[in-house]
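This report covers strand pairing and a chain interface.

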Amino acid sequence: MAAKPMLHYFNGRGRMEPIRWLLAAAGVEFEETFIDTPEDFEKLKNDGSLMFQQVPMVEIDGMKLVQSRAILNYIAAKHNLYGKDTKERALIDMYIEGVADLNEMILLLPVSPPAEKDAKITLIKDRTTNRYLPAFEKVLKSHGEDYLVGNRLSRADIHLVELLYLVEELDPSLLTNFPLLKALKARISNLPTVKKFLQPGGARKPPVDEKSVEKSRKIFKF
Amino acid sequence: MAGKPRLHYFNTRGRMESIRWLLAAAGVEFEEKLIQTPEDLEKLKNDGSLMFQQVPMVEIDGMKLVQSRAILNYIATKHNLYGKDIKERALIDMYIEGVADLIEMIMYLPMTPRDEKDAKITQIKDRTINRYLPAFEKVLKSHGQDYLVGNKLSRADIHLVELLYYVEEVDPSLLANFPLLKALKTRISNLPTVKKFLQPGSARKPLLDEKAIEEARKVFKF
């Protein structure tokens with residue numbers, strides 16, 4: 001039996017969280033080694049484990065993979081969550097890159113300069129309700145199916161639902177006018193593997209707080 | 001015969017240039033519809049052609065694809081430039097995401113506030129010679145083959161060589177201590193399709209000067 005994937009990151013969401021979501025949704029058990037101190041990080045770098053001296057890094061199937069997209073693409077393909085052909089994959093990629101763009105804005109909010117934060121939040125809310133959520137609601141409306149692509153669960157559904165949870169944390173009212181997205185969120189959340197991940201004690205990490213941002217800044221020096 | 005892919009973007013490198021390189025290297029003829037005024041961009045948005053109201057957009061095989069990674073992944077797969085299996089693809093993805101990180105820094109240097117520019121250039125040079133080029137030189141040294149992955153041309157070689165041209169534009173001396181990368185650059189540049197793309201009169205876009213960028217910013221308000 002293959003060893004479980006081992007995730008190397010700090011004990012927070014950051015750029016590893018979509019990987020945790022995807023592995024969990026695919027029903028893959030994994031382990032985590034948390035980087036808690038600058039020394040932990042130095043050790044990983046000096047080991048030669050990090051191709052570009054950065055995390056996330058995931059040990060999986062004999063590889064030490066860095067770059068979150070490389071990791072996600074591998075997991076998705078391995079677990080048949082990446083569409084049935086190149087055209088389905090093109091749609092999935094288009095959708096998930098849109099998700100990633102909005103996710104990036106939300107991810108970086110805690111580290112934006114305090115003077116810029118309010119403007120950033122306004123921009124995020126505007127993009128959410130005027131650009132991204134309408135685009136995905138339109139996809140679901142166009143085919144009336146239960147999943148974004150190919151009438152079948154794919155990574156696109158997982159990544160989008162992860163994003164919808166983040167949007168809800170920012171401001172629940174943002175989801176008001178998107179009934180199909182709310183239904184997708186409920187459906188995906190009820191899949192046994194996802195349900196387990198969302199329960200307390202699951203591998204899902206809690207929202208960022210100021211203290212953990214400060215800790216990460218010390219370890220990763222940003 | 002299928003229609004040629006049609007690229008929609010500004011008359012600049014930006015986020016379309018990697019796509020131009022990849023199509024050209026794959027020997028695929030394409031057309032470009034250049035966005036030259038705010039009205040051109042508005043028309044595209046109002047057409048419903050842009051899923052997230054952004055370019056690049058490429059019309060290809062009956063799809064209107066946005067998001068550069070979605071477009072690149074589709075082209076690479078279609079033209080057998082994405083490895084022979086998911087493990088080769090994982091390596092390719094890891095490498096090209098590192099390339100993308102450095103290209104992003106270089107491509108967006110002109111948008112850096114003037115008082116931050118020198119520091120940014122210093123950081124780019126440091127990352128180039130201490131993080132990225134050593135990582136890729138090490139890959140080539142590890143197997144001694146002519147291509148980064150699988151002893152066969154892939155998109156990883158194309159994207160990396162594109163990057164090496166940008167590095168050379170920033171400062172040719174940056175490549176001095178990387179003989180295997182210099183050899184790769186020469187080899188790839190000599191492939192007939194790439195050689196053609198590198199010649200004057202091709203679709204390859206030039207480095208923009210400060211004045212042209214200021215103009216573009218005024219016209220398109222960014």
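How many residue pairs are in polar contact between chain B and chain A? The count is 9, with both residues at pLDDT 80 or more; a polar contact is a pair of N or O atoms within 3.5 Å, where within protein one must be able to donate a hydrogen and the other to accept it, and residues adjacent in sequence count only if both atoms are side-chain atoms.

## Basis

This is a predicted model, in which local features need pLDDT of at least 70, side-chain atom pairs count only at pLDDT 80 or more, and totals for chains, interfaces and linings use all residues. Residues are numbered from 1 along each chain, chains are lettered from A in the order written, and side-chain values use heavy atoms, without hydrogens and water.

## Interface

Chain B contributes 32 residues to the contact and chain A 33 (heavy atoms within 4.5 Å). Among the residues of chain B, B:M51, B:F52 and B:M94 supply 21% of the area that chain B buries against chain A, more than any other three residues (buried area is the accessible area, 1.4 Å probe, lost on putting two parts together, summed over both).

The rule finds 2 salt bridges across the interface (side-chain nitrogen of Lys or Arg within 4 Å of a carboxyl oxygen of Asp or Glu). A:R69 and B:E97 meet in a salt bridge at 3.8 Å, N to O.

## Strands of chain B

Strand β3 (residues 57-60) of chain B runs antiparallel to β1 (residues 6-10), with 3 bridges, and to β4 (residues 63-66), with 4 bridges. Strands are DSSP runs of E, at least two residues, and pair if DSSP finds at least two bridges. B:E59 stands opposite B:R6 and has B:K64 as its bridge partner in β4(B).
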